[in-house]
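Here are my notes for you on this one. Have a look at the picture first, then go through the points in order.

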Amino acid sequence: MKEINVGLVGYNFMGRAHSNAYRQVGFYFPELKAKPVMKVLCGRTKERTDACAEAFGWEDVVYDVDELLARDDIDMVDITVPNNQHAELAIKAAKAGKHVFCEKPLATSVADAKKMVAAVKKAGVVNMLCHNYRRAPAISLAKKMIDNGDLGDIYHWRSLYLQDWLMPPDVPMMWRVQKEIAGSGSLGDLMAHSIDLALWLLGDINSLSCAMETFIDKRPQLDSFDTGLGGKAAKDSKMGTVDVDDGVVALCRFANGALGTMEATRFAAGHKNYNWFEVNGSKGSLRFNLERMNELEYYNCADKGDRTGFRLIQATDDSHPFMGLPKGAGPRFWPVAHIIGYEHTFINTVFDLCQAVATGKQTSPSFEDGLKTQLVLDACDKAATSGKWVKV
Ligand SMILES: NC(=O)c1ccc[n+]([C@@H]2O[C@H](COP(=O)([O-])OP(=O)(O)OC[C@H]3O[C@@H](n4cnc5c(N)ncnc54)[C@H](O)[C@@H]3O)[C@@H](O)[C@H]2O)c1
């Protein structure tokens, strides 16, 4: 079998999720055409990089990205570091002829996102953005049903992405609350996922209005290196300025005539990772909630009488996206209703990525799809600043 030598940059939350996906994908996807090889882990500090490489199963380590990109034995670069580093790394990787897998959001600006698209196109390399939720089987099923016309004409998109981890005022400064590094706050971190799903399921957004707020704009600074893990700041530590949104709400008009509302926040007490959406059409509705990620709720307007109502589809049958082995050879993961979890969204994503590299056929979301999301993020920013409706 062909092999894809991977070089991973970053080892924390997403670095770990991607590493796990490379390890697992061959186990669950026997039809894999090229096997990812966990060749090199790249990090900034020797101690943590070495420890993570050993724990996750990477063959080699480097502490400098240029060293990684100069290696002839690397076929694909995987970027799981903060947002402001995506553009430079992806462009360099493409120039070096490497395929690129990049965490979302694509960039911190439309200008950078455009340069990234141009670079991967020029180099002719496979490029993919990690919007892993697309490949939750229940969401892929929603896509199949909408494309099949099961919902008829689409009237509404409604999404919520709610977390609460940033509410305590003593949560210290970290890259996620700094515009220079993150680009935006809950907008690019959380709503980017909802926007990707909305664009995938409903199509383009034409115009929008938006409001954003920073509820706590001063936070204690950590003396130590920002590992992405947060940690506690000393009691007398200096205060830093938060210059990104803590919460965002948007109203939008889709090109197909649908109306949309989206909300994302890190200040919704009690909500830890509430990624929810609903689509309403002329023939029915669909509803998804990541907290019950194996399920898709479906209302069919054709149902009659006293038994109408939302039905619960357990998207765990062999017939559901990603859930069955090829040629009806049984379940891919476990027997029906033996549920799968968050990590499977990454395993499924990495499967499509590896097939794309093996066949040279681009998969989605590509960097071009990422640019579309970036244009919506940018329009949200402009609309929130101006208080006006903005064309995307
Ligand atoms: N697909 C998803 O659902 C999902 C979820 C979380 C994060 N992400 C994205 O993945 C990327 C990484 O996020 P994460 O949650 O893994 O971040 P993290 O903070 O957990 O890890 C970031 C990694 O980058 C390194 N790093 C390099 N430069 C840094 C800097 N200037 N400041 C801090 N750390 C730095 C850290 O050492 C660490 O290894 C981001 O682009 C983020 O938006 C995607």
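1. Which residues of H9 are buried? A quick word before the reply: this is a predicted model, where local features need pLDDT of at least 70, side-chain atom pairs count only at pLDDT 80 or more, and totals for chains, interfaces and linings use all residues. Residues are numbered from 1 along each chain as its sequence is written. Now the reply: His344, Thr345, Phe346, Ile347, Asn348, Thr349, Val350, Phe351, Leu353, Cys354, Ala356 and Val357 are buried in H9. (Buried means 20 or more other C-beta atoms within 10 Å of a residue's own, exposed means 12 or fewer, and partly exposed is in between; C-beta atoms are placed from the backbone.)

2. Helix H9 itself covers residues 342–359, so count 18 residues, and spans 27 Å from first C-alpha to last, close to the 26 Å expected at 1.5 Å a residue. (That expected span is 1.5 Å times one less than the number of residues; helices are DSSP runs of H or I with at least four residues, strands are runs of E with at least two, and both are numbered from the N terminus.) Its buried residues pack against H1 and the strands S1, S2, S4, S5 and S6. Just after H9 comes Gly360, with a positive phi of about 75 degrees.

3. Now the largest nonpolar core, which has 57 residues; Val9, Ala90, Val100, Met116 and Val350 touch the most other members. (A nonpolar core is a set of buried Ala, Val, Leu, Ile, Met, Phe, Trp, Tyr and Cys residues joined through C-beta atoms within 7 Å.) H9 gives the largest share of this core, eight residues. Domain 1 (2–133) and domain 2 (136–359 + 374–386) both contribute residues, so the core lies between them. The domain bounds come from an automatic or database domain assignment.

4. How do the two domains meet? The centres of domain 1 and domain 2, taken over C-alpha atoms, are 22 Å apart. In all, 38 residues of domain 1 are in contact with 37 residues of domain 2. (Contact means that the C-beta atoms of two residues, placed from the backbone, lie within 7 Å.) On the side of domain 1 that touches domain 2, H1 gives the largest share, nine residues.

5. Next, a helix pair. The axes of H6 (residues 137–147) and H8 (residues 186–202) come within 9 Å and cross at roughly 30 degrees. H6 and H8 are therefore roughly parallel to each other. (Angles under 35 degrees count as roughly parallel, over 145 as roughly antiparallel, 65 to 115 as roughly perpendicular and the rest as oblique; axes are lines fitted to C-alpha atoms, for helices over the stretch in contact, with angles from 0 to 180 degrees between N-to-C directions.) Ile139, Ala142, Lys143 and Ile146 in H6 meet Leu197, Trp200 and Leu201 in H8.

6. One joins Lys104 and Pro105, with omega about -15 degrees, and Pro105 is in the loop between S5 and H5. The bond from Ser364 to Pro365 is cis too, with omega near 0 degrees.

7. Lastly, positive phi without glycine. Phe322 has phi near 70 degrees and is buried, because 22 other C-beta atoms lie within 10 Å. Ala337 has a positive phi of about 70 degrees, but counts as exposed, with 9 C-beta neighbours inside 10 Å.
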